[in-house]
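The following questions and answers go through one protein model. Please look at the sequence and the coordinates before reading on.

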Amino acid sequence: MGDKTEPLLLLDFQATWCEPCKWSEPVMEQVLRHFGDRIVLEKIDIDQFPERAREFHVLSVPTFVLLRDGKEIWRYRGFDSAPAMIRMMEPLLSV
């Protein structure tokens with residue numbers, strides 16, 4: 001635990017009816033390509049898994065939650081450009 005080589009888990013809370021969630025997909029693909037195997041993505045449909053949304057206090061979609069060793073280290077509601085998202089997340093991966 002705490003090993004820098006362990007990938008971080010990025011939870012992507014979304015819904016099939018959410019247009020911004022669809023728009024965020026190509027952005028997140030670029031983010032994941034940038035970070036390679038340092039981040040693993042888990043998409044969570046809030047309608048299929050409402051208990052997960054409640055567990056993480058997700059009130060709107062898309063919401064992204066980055067976990068290290070099961071602990072939340074970053075959260076973002078909505079999305080931004082891929083370069084902006086990478087800039088926000090990069091310092092967290094170098095800790």
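Q: Which residues does Phe79 touch, not counting residues up to four places away in sequence?
A: This is a predicted model, in which local features need pLDDT of at least 70, side-chain atom pairs count only at pLDDT 80 or more, and totals for chains, interfaces and linings use all residues. Residues are numbered from 1 along each chain as its sequence is written, and side-chain values use heavy atoms, with hydrogens and water left out. Contact means heavy atoms within 4.5 Å. On that criterion Phe79 touches Pro20, Trp23, Ser24, Val27, Pro62, Phe64 and Met85.

Q: Is Phe79 buried, partly exposed or exposed?
A: Phe79 is found in the loop between E4 and H3; helices (H or I, at least four residues) and strands (E, at least two) are DSSP runs, numbered from the N terminus. Buried means under 20% relative accessible area, exposed over 50%, and partly exposed in between (1.4 Å probe, protein chains only). With a relative accessible area of 27%, Phe79 is partly exposed.

Q: Why does Ser24 count as buried?
A: Ser24 is found in helix H1, residues 19–35. Leaving out residues up to four places away in sequence, Ser24 touches Pro62, Phe64 and Phe79. Ser24 counts as buried because its relative accessibility is 1%.

Q: Which backbone oxygen does the side chain of Ser24 reach?
A: A polar contact is a pair of N or O atoms within 3.5 Å; within protein, one must be able to donate a hydrogen and the other to accept it, and residues adjacent in sequence count only if both atoms are side-chain atoms. At 2.7 Å, the side chain of Ser24 reaches the backbone oxygen of Cys21.

Q: What are the edge strands of the open sheet of 4 strands?
A: Two strands pair if DSSP finds at least two bridges between them. The sheet has the order E2-E1-E3-E4, with mixed pairing. The strands that pair on one side only are E2 (39–45) and E4 (71–77).

Q: What angle does the direction of helix H3 make with that of E4?
A: Axes are lines fitted to C-alpha atoms, for helices over the stretch in contact, and angles run from 0 to 180 degrees between N-to-C directions. Strand E3 (residues 63–68) and E4 pair in the antiparallel sense over 6 bridges. Helix H3 (residues 82–93) packs on the sheet, touching E1, E2, E3 and E4, and its direction makes with that of E4 an angle of about 170°.

Q: How are the rings of Trp74 and Tyr76 classed: stacked or tilted?
A: Rings of Phe, Tyr and Trp (its six-membered ring) pair if their centres lie within 6.5 Å; planes under 30 degrees apart count as stacked, over 60 as edge-to-face and the rest as tilted. The rings of Phe13 and Phe56 have centres 5.8 Å apart and planes at 50°, so that pair is tilted. For Trp74 and Tyr76 the centres are 5.9 Å apart and the planes at 10°, so the pair is stacked.
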